[in-house]
Amino acid sequence: MSVIKQTLAVVLVVALTAGTAMALQAASNTDDGTQTQTVQTLEAESLELDSNRHTHTDDLSPVTSEFTLDGYEKVGENEVFTLWLNRTDDAIRIQSKANGYIWGGVEKSTVEGLNKTWTDFANSIVSIEYFDEKNTERRIGISGDDCVTQYTMTDNGFTCRAEYTELELAFTFSVEVQEDGLHFAVAEDGLEEMGENTFKSIYFVPFFGTVKEDEKPGYMLVPDGSGALIRFQKAVKHLNGYEQRIYGKNFAIDALEEANDLQTSRPNDFSVEKKQALLPIYGMVNGIDQNAFLAVIGEGAEYASILATPAGVSTDFNWAACRFDVRQRYLQPTQKSGGGVWLPQAEPNATGFEMTMYFLSGEDANYSGMATLYREKLEQEGTLTRSERVDATVPVHLDFLGADVKKQFLVPGMQVFTTAEDVAAMVQELRTMGVGNITAVLKGFYGKGLNAASVSGNKLNSKLIDRNSYETLYDLLAEDGSRLYLYGNPVTANESQLSINAQAGNTMSKAYIALSSNNPNLMYTETYYVKASQVRDNMDKLAATDLPNLSLAFDNIGNRLYADYTRNRVTTRLQMEEEMVAAMAGYADTLENRAVYGGNLYLADYADDMFNVPLVGSQYLFESDSVPFLQMVYKGHVDMYGDYLNIGNLSRTKLLKMIEYGVYPSFILTWTDSTTLQDTPSEDLFSTAFADWKDRIAEIAKEMQQALSAFEGAKMLQHDVLEEGVVRVTYDNGKSLYINYTNAQTVADDVTLPAEGFMIKEG
């Protein structure tokens with residue numbers, strides 16, 4: 001470990017320890033023996049609870065709609081709403097049958113603060129972006145004078161052909177009222193390019209439900225990490241709003257890194273990655289507990305991004321939309337130095353684009369109602385069919401780090417941290433301390449260790465484990481229902497783990513798909529992404545490991561989805577997704593258990609355990625709240641675990657957040673002292689020694705058992721903030737969980753909650 005990192009480690013430990021101590025300090029003794037909260041404690045608590053790492057109370061003020069139906073004709077309806085169309089303005093309105101509320105975009109005749117381009121874009125049923133003959137991006141709606149629209153009525157909606165005569169672009173879309181939602185679609189063959197202009201992107205009703213500044217109480221919901229709210233506020237001059245590609249970046253086209261060094265000399269490997277959009281959704285609330293809709297992205301989600309723009313970014317309106325990318329720009333190299341020109345894809349993405357809006361009213365018109373509705377839709381369509389494992393004891397995820405490559409003179413060596421016998425000893429000791437139901441993962445037990453094993457290899461390290469020790473360890477864990485996984489990473493590798501020319505994927509620019517670090521102290525500064533077509537092969541090789549009762553935990557397949565433009569073997573992003581899903585589905589017959597690191601929706605139904613589940617959003621300044629939307633969708637279907645608790649700031653608040661979100665604890669451990677990680681790629685794991693953490697693991701496991709065992713296999717129905725720092729989570733088994741983040745005892749719903757504690761209420 002370099003001197004810089006050693007010094008940084010000490011500073012971080014001291015800073016985090018001091019911060020945690022201040023946050024957890026509940027009281028101090030006065031001269032007369034009484035207890036009083038210190039000013040510092042109150043300030044720390046206020047800063048934490050007021051932050052966007054938590055959910056806040058709602059403004060339930062009533063709202064009214066500013067829209068009328070003048071000039072609109074009714075063209076469809078179901079039991080929930082009526083669809084109205086204005087052919088002149090090329091706009092739609094939705095009227096709720098529950099309370100009469102009318103949804104729309106903007107009123108062209110009365111809107112202020114938008115120029116003609118923005119007004120047309122905001123008001124149109126469908127708006128587009130295109131590349132002109134100079135490859136400049138342009139944005140335009142269909143409600144302007146330069147677009148000719150032809151409507152054809154259907155049984156419960158309409159189709160429309162929109163043609164931009166001068167641009168020589170046309171497309172056909174459909175809007176249909178289904179049994180419970182409003183469906184928008186552009187078919188794959190619905191785009192017509194008759195000249196030099198080409199389609200870039202498509203938006204369905206981009207300003208639908210928009211609110212100017214804070215004229216109505218409400219918020220936008222985005223699938224940022226666990227889920228985040230952007231409450232309507234006065235305009236603030238943010239540089240950008242929320243924009244994230246569904247399922248994460250497409251590394252074959254999107255930039256792998258961004259300029260975020262903040263004008264410092266800090267190496268970029270210290271930057272924190274943004275949270276991904278793990279679910280293909282967004283939502284809008286106009287009046288909390290009154291009116292809301294949830295937009296669910298269907299076909300084309302792999303090529304779509306969720307946008308949510310708060311007031312102050314370009315306009316004074318809060319608006320959210322899904323942008324479907326027909327084409328993206330990429331850098332076409334023209335110089336050996338790496339310079340080039342930015343060009344749009346020659347061929348469009350081969351897919352159609354679909355989105356369905358579901359409208360909610362009354363007590364369901366909030367993020368909890370959206371999550372419950374979405375989970376039910378996924379269950380009905382067969383995307384979430386499995387049930388969460390119901391255990392008598394709450395599970396604890398333990399990654400055991402076996403070995404890693406070590407810096408040595410001339411030739412790298414191998415540093416052993418943990419053997420199978422060591423894992424057995426740790427399991428037995430934890431069992432005597434009351435810790436059962438362990439989800440154990442053997443990490444770095446292949447080849448020469450975690451960062452030295454071949455990305456396509458499946459040979460176990462005989463110095464760490466053999467067939468006999470594996471079977472002994474499996475039997476030991478199985479005694480109390482615990483599980484044993486072998487860890488595999490079929491997606492990323494360093495230069496020693498793959499043949500770069502033969503195995504590394506290629507971007508559209510014909511460069512290797514690689515993530516670079518500018519930290520010269522790292523053992524490997526390049527991380528390569530395997531060809532998308534070979535990820536499935538690597539997974540299959542791991543699954544072919546000749547061991548009984550084999551279970552595998554796959555890293556990166558749950559949060560990395562990219563195309564590959566290797567010459568003569570192009571793999572699209574959609575094809576890679578289909579291959580991973582097919583592989584995981586097939587392993588149901590050959591693997592005892594399957595686990596994934598990461599939470600992208602398309603693999604949720606194939607995971608017995610899901611690791612690294614986020615507890616917050618990206619914490620952008622414009623985000624007001626973090627909410628457990630992801631957890632409300634997945635809970636009851638898959639066991640979820642958070643990030644390693646022994647790497648970072650382990651605070652009382654974080655433990656309460658895990659309890660609130662129904663997420664189980666995770667640790668990464670070594671049998672050897674943490675100093676043995678020095679001069680290996682794992683040296684940033686500053687504290688892993690089992691001896692240092694066993695007592696804390698036992699304490700946390702005991703508390704998680706007290707808090708979450710009553711909700712094993714249950715689904716979350718409602719998440720409410722009763723007052724700042726006091727939360728109630730209602731489950732479908734009739735029980736409710738109350739969490740008190742404050743430093744004072746409080747009472748909620750006749751339940752007395754201890755300071756920084758929790759209680760369970762029956763019925």
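Two strands pair if DSSP finds at least two bridges between them. The views below are of a predicted model.

**View 1. The hairpin of strands E9 and E10.** Strand E9 (residues 148–154) and strand E10 (residues 157–164) run antiparallel and are joined by 7 bridges. Between the two strands of this hairpin lie 2 residues. Met 153 has Phe 158 in E10 opposite it. In general, the strands of a sheet pair through backbone hydrogen bonds, either parallel or antiparallel.

**View 2. The hairpin of strands E3 and E4.** A hairpin of 3 residues leads from E3 to E4. The antiparallel strands E3 (residues 73–77) and E4 (residues 81–86) are held together by 4 bridges. Glu 77 has Thr 82 in E4 as its bridge partner.

**View 3. The whole chain.** The protein contains 12 helices and 45 strands. Its radius of gyration is 27 Å, close to the 27 Å given by the globule rule for 763 residues, so the protein is as compact as a globular protein of that length. Along the principal axes, the C-alpha atoms fill a box of roughly 75 × 75 × 50 Å.

**View 4. The barrel.** A barrel is closed by 8 strands with parallel pairing, in the order E26-E29-E30-E34-E35-E36-E38-E39. On average, and with direction ignored, neighbouring strands in this sheet are turned by 25 degrees against each other. One of the pairs is E29 (residues 438–443) with E30 (residues 483–488), which run parallel and share 4 bridges. In this pair, Val 441 stands opposite Tyr 485 in E30. Helix H6 packs on the sheet and touches both E29 and E30, and the direction of H6 makes about 135 degrees with that of E30.

View 5. Helix H12 (residues 690–708) lies across strand E26 (396–401) and strand E39 (664–669). The helix runs at about 170 degrees to E39. E26 and E39 both belong to the barrel, where they stand at the two ends of the written order.

**View 6. Helices H5 and H6.** The axes of helix H5 (residues 420–432) and helix H6 (residues 467–478) come within 9 Å and cross at roughly 15 degrees. Angles under 35 degrees count as roughly parallel, so H5 is roughly parallel to H6. Their crossing is left-handed. On the H5 side the contact is made by Ala 420, Glu 421, Val 423, Ala 424, Val 427, Gln 428 and Arg 431. H6 contributes Ser 469, Leu 473, Leu 476 and Leu 477. By class, the contact of H5 with H6 consists of 7 nonpolar, 2 polar and 2 charged residues.

**View 7. Helices H5 and H12.** H5 also packs against H12, with axes that come within 10 Å and cross at roughly 30 degrees. The two helices are therefore roughly parallel to each other. The crossing of H5 with H12 is right-handed. Here Met 426, Glu 429 and Leu 430 of H5 meet Phe 690, Lys 694 and Ile 697 of H12. The contact of H5 with H12 has 4 nonpolar and 2 charged residues, and no polar ones.

**View 8. Helices H11 and H12.** Helix H11 (residues 652–661) packs on H12 at an angle of about 40 degrees, the axes being 10 Å apart. That angle makes H11 oblique to H12. The crossing of H11 and H12 is right-handed. From H11, the residues in contact are Arg 652, Leu 655, Met 658 and Ile 659. From H12, they are Arg 696, Ile 700, Glu 703, Met 704, Ala 707 and Leu 708. The contact of H11 with H12 divides into 7 nonpolar and 3 charged residues, with no polar residue.

**View 9. The open sheet of E31, E33 and E32.** This open sheet has 3 strands in the order E31-E33-E32, and the pairing is antiparallel. Strand E31 (492–493) and strand E32 (514–516) are the edge strands, each pairing on one side only. E31 runs antiparallel to strand E33 (residues 526–529), with 2 bridges between them. Ala 493 stands opposite Tyr 528 in E33. As a general rule, side chains in a regular strand alternate between the two faces of the sheet.

Technical notes
Residues are numbered from 1 along each chain as its sequence is written. This is a predicted model: local features need pLDDT of at least 70, side-chain atom pairs count only at pLDDT 80 or more; totals for chains, interfaces and linings use all residues. Side-chain values use heavy atoms; hydrogens and water are left out. Axes are lines fitted to C-alpha atoms, for helices over the stretch in contact, and angles run from 0 to 180 degrees between N-to-C directions. Angles under 35 degrees count as roughly parallel, over 145 as roughly antiparallel, 65 to 115 as roughly perpendicular and the rest as oblique. A crossing is left-handed if the near helix is turned anticlockwise from the far one by less than a right angle, and right-handed if clockwise. Contact means heavy atoms within 4.5 Å. Ala, Val, Leu, Ile, Met, Phe, Trp, Tyr, Cys and Pro count as nonpolar, Asp, Glu, Lys and Arg as charged, and the others, Gly among them, as polar. The radius of gyration is taken over C-alpha atoms; the globule rule is 2.2 Å times the number of residues to the power 0.38.
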